[in-house]
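Please look through the sequence and the structure shown below before reading on. The briefing that follows takes up a few places in turn, grouped by topic.

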Amino acid sequence: MRASPLFGPSRRQVLRGAGAAAVATLLPRRFAAAARPAPVRIGLLLPYSGTYAMLGTAITDGLKLRLAEAGETLAGRPVDYIAVDSEASPPQAPQNTRKLVVRDRVDFLVGPVHSGVALAMAQIVAARGGPIMIIPNAGANALTRELCARNVFRASFSNWQTGYPCGKVMADDGHRRIVTITWRYAAGDEIMGGGAEHFEALGGRVDKHIRVPFPDVSFQPHLSEIAALAPDAVFAFFSGGGAVQFVRDYAAAGLKDRIPLYGPGFLTEGVAAAQGAAADGIRSTLHYVDDLDLPANRRFRDAYRLAYGREADVFAVQGYDTGTLIVQAMAAVDGDTAAVADIARALEGARLDDSPRGPWRMSPAHNPVQTFYLRDVQEGRHRFLGIAAEALADPAIGCALG
Ligand code: PHB
């Protein structure tokens with residue numbers, strides 16, 4: 001990452017800049033402009049600390065890998081990254097968003113992970129009509145429903161999309177009574193809501209919705225309550241550091257072999273190795289699985305491992321696909337970042353035929369239409385078990401776009 005203006009340019013960058021300026025004064029204008037086109041400014045508002053820190057890092061790494069593959073240029077212009085730690089904190093989101101949008105005048109705003117942060121960010125950029133915001137994770141349903149906006153796009157999922165297919169998986173596995181448990185905020189409520197909707201439509205019953213304040217990890221009293229309720233299965237959403245703790249505590253409480261645990265894939269994604277044997281056998285639905293047998297996925301995973309020395313996960317894929325959207329849009333406007341309406345039109349028509357997750361396209365409400373897979377975990381790795389929902393689109397209720 002180049003030094004962020006937040007921290008000021010390094011001495012080397014100042015010297016390099018001074019050198020370029022000196023050369024520029026010696027050259028006719030058109031050559032000077034051709035020699036050093038202005039960088040495209042990409043603002044990142046992602047969690048680099050706290051329970052979601054590993055998600056923010058994977059998204060950043062995936063995005064940078066994609067732009068490295070594009071030669072670190074967008075339609076001939078170099079790229080500047082300006083990163084701000086969102087701390088997954090909704091109260092800080094307005095100030096952090098203004099920092100990037102008003103002070104740093106970013107051309108693309110990429111972020112966030114947390115649904116509450118996303119709702120605050122999107123309302124600011126939608127009201128201003130710019131810049132283009134691409135959400136590389138946060139699933140808050142409203143972003144591509146009633147709050148949908150011309151300049152706000154999602155490269156990830158709606159929360160409803162990730163929970164809904166799992167409701168059928170639990171019903172098909174023969175369960176009739178479940179308990180849900182999650183953090184109390186938009187993502188938890190909406191993912192559990194999607195799963196419960198499908199499960200109940202197939203004749204199942206939700207005995208109780210347990211809600212834990214974000215980002216608490218004091219799960220013991222809730223695990224005792226689950227043991228007492230003795231449902232057929234538990235449907236849970238936690239992610240990042242909190243998911244490691246929950247899955248381990250669930251097994252340590254002796255529940256793992258008595259009451260099967262299900263979830264959106266986030267429950268084990270990126271953390272299955274850290275969860276160890278406690279994660280073995282957990283079935284989940286997600287728009288990605290490590291061992292998807294596609295050339296684009298194999299290529300991506302090899303390149304990511306080589307670049308970062310870690311295995312890729314869904315968050316890295318979402319960052320990578322965010323990069324592809326930016327590459328495609330900048331090619332469509334020949335690098336003209338001022339052409340916000342044309343960039344938005346290009347993103348509206350985006351088709352990612354070569355995504356590591358499989359082909360997907362942007363819906364009229366600016367959310368991916370994509371396939372959801374059934375997976376489980378065996379010895380720290382995710383296994384593809386089948387297709388849970390083909391080309392699933394969010395219902396986009398209340399969005400007037402398109
Ligand atoms: C969200 O807040 O929208 C969110 C966070 C982490 C996930 C998924 C969704 O893994």
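This is a predicted model: local features need pLDDT of at least 70, side-chain atom pairs count only at pLDDT 80 or more; totals for chains, interfaces and linings use all residues.

## Briefing

Pro 131 is found in the loop that runs between helix H5 (115-128) and strand S5 (132-135).

**Cis peptide bonds**

- The peptide bond that leads from Gly 130 to Pro 131 is cis, and its omega is near 0 degrees.
- Phe 214 and Pro 215 are also joined by a cis peptide bond, with an omega of about -5 degrees, and Pro 215 has its place in the loop between strand S8 (205-212) and helix H8 (220-229).
- As background for these bonds and for the phi values that follow, most peptide bonds are trans, and most residues other than glycine have a negative phi.

**Positive phi values**

- His 366, a residue other than glycine, has a positive phi near 80 degrees, and it lies in the loop between strand S13 (360-362) and S14.
- Is His 366 buried or exposed? With a relative accessibility of 0%, His 366 counts as buried, because buried means under 20% relative accessible area.
- Ala 391, likewise a residue other than glycine, has a positive phi near 40 degrees, and this alanine lies in strand S15.
- The relative accessible area of Ala 391 is 46%, so this residue is partly exposed.

- Strand S14 (residues 368-378) pairs with strand S15 (residues 381-392) in the antiparallel sense, and the pairing runs over 8 bridges.
- Within this pair of strands, Val 377 stands opposite His 382 in S15.
- S14 and S15 form a hairpin that has 2 residues between the strands, and Glu 379 in the turn has a positive phi of about 50 degrees.

- What is the order of the strands in the open sheet of 6 strands? The order is S2-S3-S1-S4-S5-S6, and the pairing in this open sheet is mixed.
- The edge strands of the sheet are strand S2 (73-74) and strand S6 (152-154), each of which pairs on one side only.
- S2 pairs with strand S3 (residues 77-85) in the antiparallel sense over 2 bridges, and Leu 74 stands opposite Arg 77 in S3.
- Helix H3 packs on this sheet, where it touches strand S1 (40-46), S2 and S3, and the direction of H3 makes about 160 degrees with that of S1.
- Helix H4 (residues 93-103) packs on the sheet as well, touching S1, S3 and strand S4 (108-110), and the direction of H4 makes about 170 degrees with that of S1.
- Ser 86 has its place in the loop between S3 and H4, and at 2% relative accessibility this serine counts as buried.
- If residues up to four places away in sequence are not counted, Ser 86 touches Leu 45, Leu 46, Pro 47 and Asn 96.

- The crossing in which H3 passes H12 is right-handed.
- By class, the contact of H3 with H12 has 11 nonpolar, 5 polar and 2 charged residues.
- The axes of H3 and helix H11 (residues 295-308) come within 11 Å and cross at roughly 105 degrees, which makes H3 roughly perpendicular to H11.
- On the side of H3, this contact is made by Ala 58, Asp 61, Gly 62, Lys 64, Leu 65 and Glu 69, and on the side of H11 by Phe 300, Ala 303, Tyr 304, Ala 307 and Tyr 308.
- The residues in the contact of H3 with H11 divide into 7 nonpolar, 1 polar and 3 charged.

**The enclosed helix H6**

- Why is helix H6 (residues 159-172) largely enclosed by the rest of the structure? Of the 14 residues of H6, 11 are buried, so the helix is largely enclosed.
- Among the buried residues of H6 are Trp 160, Pro 165, Cys 166, Val 169 and Met 170.
- H6 is followed by Gly 174, whose phi is positive and near 95 degrees.

Definitions and conventions
Residues are numbered from 1 along each chain as its sequence is written. Side-chain values use heavy atoms; hydrogens and water are left out. Buried means under 20% relative accessible area, exposed over 50%, partly exposed in between (1.4 Å probe, protein chains only). Helices (H or I, at least four residues) and strands (E, at least two) are DSSP runs, numbered from the N terminus. Two strands pair if DSSP finds at least two bridges between them. A crossing is left-handed if the near helix is turned anticlockwise from the far one by less than a right angle, and right-handed if clockwise. Ala, Val, Leu, Ile, Met, Phe, Trp, Tyr, Cys and Pro count as nonpolar, Asp, Glu, Lys and Arg as charged, and the others, Gly among them, as polar. Contact means heavy atoms within 4.5 Å. Axes are lines fitted to C-alpha atoms, for helices over the stretch in contact, and angles run from 0 to 180 degrees between N-to-C directions. Angles under 35 degrees count as roughly parallel, over 145 as roughly antiparallel, 65 to 115 as roughly perpendicular and the rest as oblique.
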